[in-house]
Amino acid sequence: MIYLQQDERVLIKSRKHWFVIFRELFSAGIVYIAPFLLFLFVDVFGYLKVEPSAMGVVFLLSFWTLLNWLIIFSIWTNYYLDIWIVTDKRIINIEQFAFFSRQVATQRIERVQDVQIEVKGIFETLLGFGAIRVQTAGQETAFIARGIPRPDRAKQVILERVDSTTPVQE
Amino acid sequence: MQDFSNILSFVPGGTLLWALFFFALLATIITSLILLYHWIRFAMSPGVATVALLIHSAVSIVLIILMLTALFAL
């Protein structure tokens with residue numbers, strides 16, 4: 001849980017693009033249906049020597065569905081707990097890598113020097129999401145948030161905020 | 001060539017299925033507790049976490065009941 005300061009205003013609060021979780025769920029779906037396809041293949045070509053009982057099939061189906069259900073919920077939890085927040089004072093990127101592996105990165109907005117967006121690949125280009133790289137003063141490694149929807153808008157909001165906080169030099 | 005077709009022949013079929021059932025039950029309980037911990041500790045919206053918990057529990061319980069029903073019917 002992130003606690004904001006009393007006078008802190010949230011400018012952008014966003015989760016990763018839906019395609020990020022869709023891609024992971026699609027892979028899980030392939031793993032889920034693979035045994036059924038194998039069973040169908042074995043059955044169609046007559047390699048199945050025994051007639052499986054109906055209750056045996058129900059048991060194995062429930063067992064396999066339950067294991068996959070747990071995997072699906074783990075994927076969803078990892079997706080749901082990743083969050084990207086831009087306030088008028090900070091940029092916060094929360095990344096849940098796995099269970100018990102979590103990174104919360106915060107950068108003060110006035111330290112931002114440069115913002116880059118990276119949109120790579122056909123899906124990212126067509127669906128409008130990508131990575132945002134924020135370079136701050138005095139840090140060699142940049143602050144990177146991936147799978148951000150509409151990164152161009154996020155970049156604009158951050159730069160506008162940076163401009164408003166940076167004193168104009170005469 | 002070694003024949004591995006009867007490698008599990010010493011385990012009665014029912015025992016193997018019960019072992020699978022308890023494995024699934026244990027995996028469900030442990031995973032659900034871990035998920036619950038993460039939702040309570042880190043979720044930004046308690047409402048979404050509660051709905052997720054209800055859906056997860058309901059489907060898991062239905063599947064466990066189905067497995068038990070099938071086991072007793074076998």
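This is a predicted model: local features need pLDDT of at least 70, side-chain atom pairs count only at pLDDT 80 or more; totals for chains, interfaces and linings use all residues.
Two strands are taken as paired if DSSP finds at least two bridges between them.

Select residues 90–98 and 101–108 of chain A, which are strand 3 and strand 4. The two run antiparallel and are joined by eight bridges. Within this pair, A:I92 of chain A stands opposite A:T106 in strand 4.

Next, select A:F100, in the loop between strand 3 and strand 4 of chain A. The hairpin has two residues between its strands, and the phi of A:F100 is near 60°, a positive value in a residue other than glycine. Most residues other than glycine have a negative phi. A:F100 is exposed, with 9 other C-beta atoms within 10 Å.

A further positive phi is found at A:R150, where the angle is near 45°. This residue lies in the loop between strand 7 and helix 4 of chain A. A:R150 is partly exposed, as 16 other C-beta atoms lie within 10 Å.

Now display A:I132, A:I148 and A:I158, the residues with the most contacts inside the largest nonpolar core, which has 15 residues. Among the elements of chain A that give two or more residues to this core are strand 2 (83–87), strand 5 (112–118), strand 6 (129–136) and helix 4 (151–165). A second, separate core has 14 residues, including A:F59, B:L17, B:L63 and B:A70.

Finally, centre the view on A:I148. Not counting residues up to four places away in sequence, its contacts include A:S14, A:K16, A:W84, A:F129, A:I132 and A:A154.

Key
Residues are numbered from 1 along each chain as its sequence is written. Chains are lettered from A and ligands numbered from 1 in the order in which they are written. Helices (H or I, at least four residues) and strands (E, at least two) are DSSP runs, numbered from the N terminus. A nonpolar core is a set of buried Ala, Val, Leu, Ile, Met, Phe, Trp, Tyr and Cys residues joined through C-beta atoms within 7 Å. A residue is buried if 20 or more other C-beta atoms lie within 10 Å of its own, exposed if 12 or fewer, and partly exposed in between; C-beta atoms are placed from the backbone. Two residues are in contact if their C-beta atoms, placed from the backbone, lie within 7 Å.
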